[in-house]
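This briefing covers a single protein chain, topic by topic. Please have the sequence and the model open while reading.

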Amino acid sequence: MVKSMTGFGKTTVETGNKKIVIEIKSLNSKQFDLSLRMPNLFKEKEMEIRSMVKEQLDRGKMEMNISYDSTLEGNKDVSVNDSIVIKYFNQMMEVSEHLGFEPDKNELLQTIMRFPDVLQVKAEELEENEWTILREGIKKALDEIDRFRIQEGKALIKDIVHRIELIQQLADQIPQFEVKRVEIIRQKLQEKISEWTDIKHIDQNRLEQELIYYLEKLDITEEKVRLANHCKYFIETAEKEDAPGRKLGFIAQEIGREINTMGSKANEHDIQKLVVRMKDELEKIKEQSLNVL
């Protein structure tokens, strides 16, 4: 099933006294590019988390944020480093005695409590049941963004296929202008030949060869056939393959080559207008294809 590379997923899980919010969003990219932000508590599981995301989302520029709910800040295990406090206190008393004044011990203690390393936050350890719950939450967030990408992918492919069909319809209009095109080319050749009749010693065989070569170069039959085949292959790839993004880009390049060649050979105003319209649709297809997984 075709997916877009644009998506968003969010879920919240609770474990013990923790409430964890998991958010992930993605944009298009040629490679897998994940920016992962999370508390130090989960750092040991970073490689497993990255592997989970890569396996399910495959490709895209992604941002994933795992965070604690701010209402749970009071659950931190904080202790006072007694030895540091006593050391600070004694040093401050010595300085006060040296300066010749008696400090207020309560105020001094309040000041010391703001010094570095006085308060210690006990390092948390990730328990196995917490990791299990977090992993399930990550899976839910990935499932949500995957559903988002599938929904976007359907709309994306529908629009792309519609534009390819427009190119086919425009190409089908070319034959009605072919008679006029041939007449224009014939007139130009007749004018040139009339000029050459004044030149003596013309090699008639060589002239015929050059005319045939010139007419073959202006023929766009092969380009029309190849364009039709490329468009057909594009639609088949978009509708049948699961992750056709890169391939669609390559096929779009081939379509562009045929359209450009037809435009350079056209020598007819109405055909060139059709070529311009086909190019406009193709540019939109290329832009859209960049977002297909």
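Two strands count as paired if DSSP finds at least two bridges between them. Under that criterion, the bridge partner of Val21 in β4 is Ser67. The model is predicted. Its protein chain has nine helices and six strands. Of the 293 residues in the protein chain, 36% are buried. Among contacts in the protein chain between residues at least 6 apart in sequence, 79% join residues at least 24 apart.

**The four-stranded sheet**

- Four strands form an open sheet in the order β1-β2-β4-β3, and the pairing is mixed.
- The edge positions belong to β1 (7–15) and β3 (32–37); each has a single partner strand, so one side of each is left without a neighbour in the sheet.
- On average, neighbouring strands of this sheet are turned by 15° against each other, with direction ignored.
- In general, strands of a sheet pair through backbone hydrogen bonds, in either a parallel or an antiparallel arrangement.

**Strand pairs and bridge partners**

- β1 and β2 pair in the antiparallel sense, over nine bridges.
- Phe8 has Lys25 in β2 as its bridge partner.
- The hairpin of β1 and β2 has two residues between the strands, and Gly16 in this hairpin takes a positive phi near 60°.
- β2 (residues 18–27) also pairs with β4 (residues 60–68) in the antiparallel sense, over eight bridges.
- Along with Val21 and Ser67, Leu27 and Lys61 form a β4 pairing, with Leu27 standing opposite Lys61.

**Helices lying across the sheet**

- Helix α1 (residues 46–57) lies across β2, β3 and β4, and runs at about 140° to β3.
- Helix α4 (residues 128–172) lies across β1, β2 and β4, and runs at about 160° to β1.

**The α8 and α9 pair**

- What is the crossing angle of helix α8 (residues 245–265) and helix α9 (residues 269–289)? Their axes come within 10 Å and cross at roughly 165°.
- Angles over 145 degrees count as roughly antiparallel, so α8 is roughly antiparallel to α9.
- The crossing of α8 and α9 is left-handed.
- On the α8 side, the contact involves Gly245, Leu248, Ala252, Ile255, Gly256, Ile259, Asn260, Met262 and Gly263.
- On the α9 side, these residues meet Gln272, Val275, Met278, Lys279, Leu282, Lys286 and Ser289.
- By class, the residues of the contact of α8 with α9 divide into eight nonpolar, six polar and two charged.

- Leaving aside neighbours within four places in sequence, Glu258 is in contact with Glu223, Arg226, Leu227 and His230.
- Lys232 is found in helix α7 (residues 221–240).
- The relative accessibility of Lys232 is 52%, so Lys232 counts as exposed, the cut-off for that class being over 50%.
- Lys232 and Ile164 are 68 residues apart in sequence, while their C-alpha atoms are 8.7 Å apart in space.

Conventions:
Residues numbered from 1 in each chain as written. Predicted model: local features only at pLDDT ≥ 70, side-chain atom pairs only at ≥ 80, totals over all residues. Heavy atoms only, no water. Axes fitted to C-alpha atoms, helices over the stretch in contact; angles between N-to-C directions. Parallel < 35°, antiparallel > 145°, perpendicular 65-115°, else oblique. Left-handed = near helix turned anticlockwise from the far one by under 90°. Contact = heavy atoms within 4.5 Å. Nonpolar A, V, L, I, M, F, W, Y, C, P; charged D, E, K, R; others polar. Buried < 20%, exposed > 50% of the residue type's maximum accessible area, 1.4 Å probe, protein only.
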